[in-house]
Amino acid sequence: MVDLESEVPPLPPRYRFRDLLLGDQGWQNDDRVQVEFYMNENTFKERLKLFFIKNQRSSLRIRLFNFSLKLLSCFLYIIRVLLDDPTQGHGWSPIIWVNRSLPLWGLQVSVALISLFETMLLGYLSYKGNIWEQVLRIPFLLEIINAVPFIITIFWPALRNLFIPVFLNCWLAKHALENMINDLHRAIQRTQSAMFNQVLILISTLLCLIFTCICGIQHLERAGNKLTLFDSLYFCIVTFSTVGFGDVTPKIWPSKLLVVIMICVALVVLPIQFEQLAYLWMERQKSGGNYSRHRAQTEKHVVLCVSSLKIDLLMDFLNEFYAHPRLQDYYVVILCPTEMDVQVRRVLQIPMWSQRVIYLQGSVLKDQDLLRAKMDDAEACFILSSRCEVDRTAADHQTILRAWAVKDFAPKCPLYVQILKPENKFHIKFADHVVCEEEFKYAMLALNCICPATSTLITLLVHTSRGQEGQQSPEQWQKMYGRCSGNEVYHINLEDSTFFAEYEGKSFTYASFHAHKKFGVCLIGVRREDNKNILLNPGPRYIMSATDICFYINITKEENSAFKKQEQHRKNNESKSYYHGPSRLPLHSVIASMGTVAIDLQDTGCRSSSGPTLTLPSEGSKNGRRSSIAPVLEVADSSSLQACDLLSDQSEDETTPSDDDISTGLEYAKGYPPYSPYIGSSPTFCHLLHEKVPFCCLRLDKGCQHNYYEDAKAYGFKNKLIIVAAETAGNGLYNFIVPLRAYYRPKKELNPIVLLLDNPLDDLLRCGVTFAANMVVVDKESTMSAEEDYMADAKTIVNVQTLFRLFSSLSIITELTHPANMRFMQFRAKDCYSLALSKLEKKEREKGSNLAFMFRLPFAAGRVFSISMLDTLLYQSFVKDYMISITRLLLGLDTTPGSGFLCSMKITEDDLWIRTYARLYQKLCSSTGDIPIGIYRTESQKLTTSESQISISVEEWEDTKDTKEQINNRNNHRNSTSSDQSDHPLLRRKSMQWARRLSRKVPKHSGKTAEKISQQRMSLYKRSERQELAELVKNRMKHLGLSTAGYDEMNDHQNTLSYILINPSPDTRLELNDVVYLIRPDPLAYIPNTASSRKNSFCNTIGQDAREETQL
């Protein structure tokens, strides 16, 4: 061991502790070499080059000094001319010799010496091996001509009065100015300077030409007319402007030659400069130029970023954005990578938009383009996706990159982003507001199946309107529908509100009912001051606080409303017809003018339950209904809440399984889905199966080892089917299924969902289309891109039309890309009522309405919508930052503990005793705590303007005319018939003869009988066509081995129309089959403490798993 230790070498000195403390002295003896880099830049020439050329700021100073020096030389020349006496000398001597004073000569010599030294130094520094390249440059030659003669006069005093063309220094000043501007742009990192440079070159060239001509003419005419500088200026301006008065003309030939040379130079140089300027101007018009920094700091603007700008997208944005009064002074800067479309250019030339909309061609991914748009000073940035792309995922990727680029360049700029696919949403979670198209699309399609026309309800709520659409129409339903479409969602602090301030300390349902009764406004939700979550109808246990923010539905916001009290005698006069009149417009006289609404205050006192104006069923009436409606309590107590039995359906579902569940063997549990289809999806409590179904059992058309069913009818579903016809089973379908399986829906109302990835007739029949409740047709992604934009919906429209013709009783719900194509849904070429609605739509569009399409029957009935209509939801969020959250809560995309949900109830014959919407409001608030927000009404369509009636009148006129001809000339019956055919070639001979035989069986004077027979003829004609289609369907069903018992070929809805009344007036009469939209309180918030242990554990689970509402 000792030997081994002795063999260990000692540590080097730099590793010893003593050396670490005292310093290492051995470093100086190390074989290390210090290397210095970039030694080539330490030479004297390189340092001079760095100072005079390479360094941007020092080079800019040198250029500025040189420019000032040249201007000084020109100024000294003008002084010399003004001090000179042109009368001295004779012949050609005044041209060669001038009178130059000694001080002036000294200044000019000094300037010449400095200029020549600087020129020689810059030539030496920029020398690259070719001396002639430096010598033969025009600026160098001009410098030699102007500087060397002055230096010679130092050594030869006799030449001090020799003429030297110092005025040529103006061209050197022009050259120095161009270099100075280039260095200035480099120093301030400005790249968009081509237009400025070209204008500068043009102006400086023109000034140099004029100055050279002035000085040259004046000097040469010293031997002629003895012109002054002003006379020479006058001559040059008159000559270059092609006026040519002739009062001042050159006298000697050198001056005439100079004029000819200058004109030739001007004719060559100036057109070239103008051409380059025009080209740059056109390019700048295409690219859009810049948004000035001064305007960005003094005015407010928003930036709209799109990949391609279409006229529909632009007009929707502008109409919705500028519909708000406080945004009238905002500028809109459009940043788009493509060239401006012809239609867009034509629209932006309209004075209304040209003063407020600025188009910039550029990419969001370039900081230079973001700087042009002044993104860092913008109030907001809207980033929209291109929904017409074939690859929607690629379109989302582009949107994500744009959002990242804006966030990197301007972190404080609020972002409003539209995304197409939900799986890409988490990449832009940092954005302030995000609208995912597929999420909203599938959620609205799902709610349309359980709450009819939910898509129409949401679309009308997110569009800005004054409710003036359809007010000039003779149809009563169009007036009511158009008037109620002006309702929107607004917000206000409770303590600052006239609507709700008096309800502080009262329950939410009490405040909602009495505010609607008094002012006609519908309170739908609140938000605590210390909480960011919005609660829709938190229920009767929620007590209103002074700091609460109230969200309500009304024609306009409270700040734009004026209030006046109704006279007592007016109320007494109207009390007789208050409940008995027909359905009509609101009695509170909502008058829209310049954004202001005047509302008559109605009586806030509770009506007597036994008042003479309310006829109620007797005590012994059917079902034993009570003859009064309980008042809405200011503060709900536990007994009243238990009496309301808010969880009756849910308790039944949880405690005792129904017979249907036992027979089908289905056992449901409530919980969160175990798997999320994409990152960022909101967890939703819903109905789940206890055991996972094998994948093979999901195929409806093929049997497996677990079951042998091959069609929907063999499964024996108790509820009607919901069929979804889509191209692919994407992640967006998650948002279609979850609202239909939400926990608050009773198990007995759950509809089976069938996903149809292809829709030939055989597959439609197998999946049970003949007994389906609804069929949802999703717009195909593969057809969204077409050469003609509006043809993107062609395949979907034709497929829906085929289904409509084959299965007329089927409720078909579809979504289109372009709203203009909704007019082709359920198209009837000879329906005069549809043609009248088309004319009404055109009139509303001419009036500037944003909802011109609202009167189309398929849209009003909720059978079709366009997801592009929800673009306004993103635009409205700039003014109403809560709109996306409220819409997501209504659609069931987000769930907040304590917040209600959207549902509906149908008015039956047993409910007509309630009579009016106000009494229904009171009934719901006092019993279940529900808040009604609107009515979906279905009426029979009048046939007075249909095509059948027009054809009937024509045929009736033919029968009358034929009878008169038979009386007057019976022998010429054949001739009279032929004349009728010639006068009316559209009526065939056989149909006319058949009409005559039929008309002879009834008296000619009976017009009603003839009209009835004509209607029967038309129905027979229609029935024959339907029977032909029905036979086709039945034959295919028999071929596939399916029963035809459930196929009803005659039941259709062609003679009905449906529409929505959002927040109707309290006196609106309820009608049979009305569907009332309700916001029902969260059932989980009112589970009593005395419930079963299962309910307590369930409530605890909800409390543990409750999460904050996502901002996406």
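Colleague: Which unit do E16, helix H28 and E17 make?

Modeller: Helices (H or I, at least four residues) and strands (E, at least two) are DSSP runs, numbered from the N terminus. A crossover is right-handed if, with the strands pointing away from the viewer, the path from the first strand over the helix to the second runs clockwise. Here E16, helix H28 (residues 734-740) and E17 form a right-handed β-α-β unit. The model is predicted, so local features need pLDDT of at least 70 and side-chain atom pairs 80 or more, while totals for chains, interfaces and linings use all residues. Residues are numbered from 1 along each chain as its sequence is written, and side-chain values use heavy atoms, without hydrogens and water.

Colleague: In which sense do E16 and E17 pair?

Modeller: Two strands pair if DSSP finds at least two bridges between them. Strand E16 (residues 721-725) pairs with E17 in the parallel sense, over 4 bridges. Val724 stands opposite Leu755 in E17.

Colleague: Why does Asn448 count as buried?

Modeller: Asn448, in helix H19 (residues 437-450), counts as buried because its relative accessibility is 4%. With contact meaning heavy atoms within 4.5 Å, Asn448 touches residues including Ile813 and Phe865, leaving aside those up to four places away in sequence.

Terms used. Buried < 20%, exposed > 50% of the residue type's maximum accessible area, 1.4 Å probe, protein only.
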